[in-house]
Amino acid sequence: MVIKSSTALRNDYGAISSLAHETREPVYITKNGEGDLVVMSIEAFEDMRRQLDQRAQVLEAEAQRLGGEADYGVEDVRALLKARYDRACA
């Protein structure tokens, strides 16, 4: 975890930006000794967002499964794909 003061951000934005890009980790900014902001590169933010979206999809699928919706095993999916392939080739 990288922690910098708001003074460091104000006085040396370039160094904070470089640090965020190099580490691909959030940089925590403090103000008067207390946590205030988090700065991160766009790439790191998009990666984090993608991971959160994937986790949300997995949780939604699990909730549907637990709610009684049909689920498919590997063999079921293979059979469905083969049937689609066979229809497309016919």
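**Salt bridges, sheet and core**

Arg-24, Asp-47 and Arg-50 are linked in a network of salt bridges. The model is a predicted one. Arg-24 has 39% relative accessibility, so it counts as partly exposed. Asp-47 has 27% and is partly exposed as well.

The whole structure holds five salt bridges. Another of them lies in helix H3, between the side chains of Arg-65 and Glu-62. Here the N to O distance is 2.6 Å. Arg-65 and Glu-62 are three residues apart in the helix, so about one helical turn separates them. Arg-65 is partly exposed at 39% relative accessibility. Glu-62 is partly exposed at 33%.

Helix H4, residues 74–89, contains Lys-82 and Asp-86. These two form a salt bridge, and their closest N and O atoms are 2.9 Å apart. They are four residues apart in H4, so the separation is again about one helical turn. Lys-82 is exposed, with a relative accessible area of 51%; the cut-off for exposed is over 50%. Asp-86, at 37%, is partly exposed.

Now the sheet. Three strands form an open sheet in the order S1-S2-S3, with mixed pairing. Strand S1 (2–5) and strand S3 (34–39) are at the edges. Each has a single partner strand, so one side of each lacks a neighbour in the sheet. From one strand to the next, the twist averages 35 degrees. S2 and S3 pair in the antiparallel sense, over five bridges. Within S3, Glu-34 is the bridge partner of Lys-31.

Which residues make up the largest nonpolar core? There are six: Val-2, Leu-9, Ile-16, Ala-20, Val-27 and Ile-29. Helix H2 (13–23) and strand S2 (27–31) are the elements that give two or more residues to this core. Ala-20 is one of the core residues. Setting aside neighbours within four places in sequence, Ala-20 contacts Glu-25, Val-27, Met-40 and Ser-41.

Methods
Residues are numbered from 1 along each chain as its sequence is written. This is a predicted model: local features need pLDDT of at least 70, side-chain atom pairs count only at pLDDT 80 or more; totals for chains, interfaces and linings use all residues. Side-chain values use heavy atoms; hydrogens and water are left out. A nonpolar core is a set of buried Ala, Val, Leu, Ile, Met, Phe, Trp, Tyr and Cys residues joined through side-chain atoms within 4.5 Å. Buried means under 20% relative accessible area, exposed over 50%, partly exposed in between (1.4 Å probe, protein chains only). Contact means heavy atoms within 4.5 Å. Two strands pair if DSSP finds at least two bridges between them. Axes are lines fitted to C-alpha atoms, for helices over the stretch in contact, and angles run from 0 to 180 degrees between N-to-C directions. A salt bridge is a side-chain nitrogen of Lys or Arg within 4 Å of a carboxyl oxygen of Asp or Glu.
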